[in-house]
Amino acid sequence: MAHRHEVIVVGAGGAGLATALYAAREGANVAVVSKLYPTRSHTGAAQGGIGAALGNVEEDHWEWHMFDTVKGGDYLTDQDAAEVFAKEVIEAVIELEHMGLPFDRLPNGKIAQRRFGGHTKDWGKAPVHRAAHAADRTGHMILQTLYQQCVKHNITFYNEFHVTDVIIEDGVAKGLVAYELATGELHLFEAKAIVIASGGFGRIYKVTSNAYTLTGDLQAILYRKGLPLEDMEFYQFHPTGLYPLGILLTEGARGEGGILRNALGERFMERYAPTIKDLAPRDLVSRAMYLEVREGRGVGPKKDHVLLDLTHLPPEVIEKKLPDITEFSRIYLGVDPLKEPVPVMPTAHYAMGGIPTTLWGQVIRDENNTVVPGLYAAGEAACVSLHGANRLGTNSLGDLVVFGRRAGIHAARFAKDADYHELTEAHLGESRERIERIKNSRGKERVAALRAELQQTMMDHASVFRTGELLKKQVEILKELMDRYKHIAIDDKGEAYNTELVEALELGYLLEVSEALVHSALNRTESRGAHAREDYPERDDQNWLKHTLAYKVEDGKVAFRYKPVVLGRFEPKARTY
């Protein structure tokens with residue numbers, strides 16, 4: 001089957017829907033190809049808020065938001081991206097409100113805002129109320145609002161289609177191949193512009209807040225094709241995952257006054273970030289939690305977690321402003337946050353790195369910012385390097401609206417003057433071959449077993465704390481897993497709804513992105529943001545104030561190039577809170 005649309009967006013989360021909507025508003029014929037029904041996309045799990053310097057509760061300025069973003073990113077953030085973002089996210093929030101997003105309100109009718117980790121006023125002097133929120137379901141509301149708008153603009157949706165190939169010939173993006181889950185058919189999509197908005201890859205880790213679908217499919221597909229992935233070593237662990245499940249409890253809980261405590265009942269963040277304590281950026285809080293446990297102050301029979309204490313807050317604050325997380329801890333752990341502290345530990349949450357792009361979402365192929373015509377990326381799949389080495393809370397929801405909008409507008413304008421590329425049956429060959437190989441394999445390896453091994457070893461060797469020795473070990477493990485992956489076999493040989501086949505394909509993607517991450521982490525001999533090397537504890541601006549571009553050479557072999565960080569009004573200095 002062949003389909004033709006001027007702009008095709010891959011992924012129907014917040015970034016994909018924002019891209020599709022703004023491209024359609026520019027007059028383009030737009031389609032969205034998604035492996036999920038749109039409102040099941042993972043943006044729906046984002047809880048706490050979308051940060052914008054609206055100044056509704058107290059004085060705030062976009063310059064302060066920009067500063068926090070750059071400092072939070074440990075000065076690896078491109079400052080032109082941070083400036084564009086801090087200015088445009090204000091408009092974006094107001095636009096979402098005009099589309100009907102039901103934000104919480106202040107008594108004067110304006111959008112309510114809460115405090116959030118790493119967001120400050122007056123260049124870091126004190127926490128600020130910046131996160132606009134709809135209870136603790138902000139992502140869910142953004143997703144619903146954007147989806148309704150897309151339906152209104154008659155955008156075509158191909159739901160439960162798994163993209164298996166992006167067709168790039170002579171350096172130009174020409175179309176896609178996708179596998180339709182319901183029929184097992186391969187479809188060809190011709191497009192003038194393609195936007196990748198397929199989300200992250202938290203499923204490389206055992207404990208993660210990410211849905212089962214977040215397997216880095218498109219990062220891996222482009223990486224295999226010789227395009228680079230940028231800054232993959234920077235992977236964020238969110239401090240408050242429900243222990244031991246990893247389900248997220250929003251930072252908004254600390255924004256509302258929640259406190260982290262160790263086994264002695266101490267508010268330990270006072271030691272690590274005396275000024276903003278529990279509202280320090282996520283990488284600092286996650287490391288502090290690990291150190292408390294490591295030094296023997298962990299809670300429980302195994303002393304392997306800490307507690308998030310909300311018991312001192314008024315019950316109506318918890319029930320009204322944090323209804324979802326209250327329910328989560330009651331349902332999954334049988335713990336009532338009104339009466340007792342909730343067990344938490346860091347959970348793999350967000351990729352700062354990804355497919356490198358310009359400020360307009362154009363995918364670039366090298367350190368000279370050479371654009372791949374017709375190819376765009378936005379949201380967590382992309383790396384504009386807004387987040388640098390560590391993303392601030394709320395900046396992901398802001399990122400997907402701001403840079404989704406930019407990618408959509410640019411892609412639609414590009415498509416106006418571009419032509420379709422004729423594609424043929426032959427373009428399905430590679431995808432068909434891969435699928436047939438898995439279906440007909442007589443190997444002995446099982447997908448679930450390999451995946452479990454990958455997730456456990458990534459957790460052990462490449463998570464919150466890293467050393468050269470552990471990362472080298474993981475490089476070898478990944479090589480071995482990739483070899484074994486060639487011998488996987490599946491039992492379901494059917495055409496319709498073959499989820500076993502899909503999981504086998506996804507395991508391949510997980511292995512590729514893990515390879516890029518681990519090699520990049522081993523290569524960067526410093527600690528910065530979420531990348532903490534115990535054998536290189538200091539940040540090294542002399543040698544490492546630069547972005548990493550990782551290129552796949554062959555399995556287990558990665559080449560690196562570097563691209564300068566875009567500096568601006570904020571000089572890199574030590575990061576204290």
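Biologist: Where is Pro-244 found?

Modeller: Pro-244 sits in the loop between E11 and H6. Those labels come from DSSP runs numbered from the N terminus, with helices (H or I) of at least four residues and strands (E) of at least two. This is a predicted model, in which local features need pLDDT of at least 70 and side-chain atom pairs count only at pLDDT 80 or more, while totals for chains, interfaces and linings use all residues. Residues are numbered from 1 along each chain as its sequence is written, and side-chain values use heavy atoms, with hydrogens and water left out.

Biologist: Why is Asn-154 called exposed?

Modeller: Exposed means over 50% relative accessible area, buried means under 20%, and partly exposed is in between (1.4 Å probe, protein chains only). Asn-154 has 66% relative accessibility, so the residue counts as exposed. Its position is the loop between helix H4 (138–152) and strand E6 (156–159).

Biologist: What is the phi of Asn-154?

Modeller: Positive, about 55 degrees, although Asn-154 is not a glycine. Most residues other than glycine have a negative phi. Asn-369, also not a glycine, has a positive phi of about 60 degrees. Asn-369 lies in the loop between strand E16 (362–364) and strand E17 (371–377).

Biologist: Why does Asn-369 count as partly exposed?

Modeller: Asn-369 has 40% relative accessibility, so the value falls in the partly exposed class. Glu-430, in helix H12 (residues 429–440), is also partly exposed, because its relative accessible area is 47%.

Biologist: How far apart are Glu-430 and Val-177 in sequence and in space?

Modeller: They are 253 residues apart in sequence and 9.5 Å apart in space, C-alpha to C-alpha.

Biologist: How do you know that the span of helix H8 is close to the one expected?

Modeller: The expected span is 1.5 Å times one less than the number of residues. H8 (residues 282–294) has 13 residues and an expected span of 18 Å, and the model reaches 18 Å from the first C-alpha to the last. Its buried residues include Arg-282, Asp-283, Arg-287 and Glu-292, along with Val-285 and Met-289. Gly-296, with a positive phi near 90 degrees, follows H8.

Biologist: Which elements do the buried residues of H10 pack against?

Modeller: Strand E11 (235–242), helix H6 (252–255), helix H9 (315–321) and strand E14 (342–351). The buried residues of H10 (residues 323–333) are Pro-323, Asp-324, Ile-325, Thr-326 and Ser-329. Gly-334 follows H10 and has a positive phi near 65 degrees.

Biologist: What makes the protein chain as compact as a globular protein of its length?

Modeller: The chain has 16 helices and 20 strands. Its radius of gyration is 22 Å, close to the 25 Å that the globule rule gives for 577 residues, so the chain is as compact as a globular protein of that length. That radius is taken over C-alpha atoms, and the rule is 2.2 Å times the number of residues to the power 0.38. The C-alpha trace spans about 65 × 50 × 50 Å along its principal axes.

Biologist: How many of the 577 residues are buried, as a percentage?

Modeller: Buried residues make up 63%. Contact means heavy atoms within 4.5 Å; among contacts between residues at least 6 apart in sequence, 74% join residues at least 24 apart.
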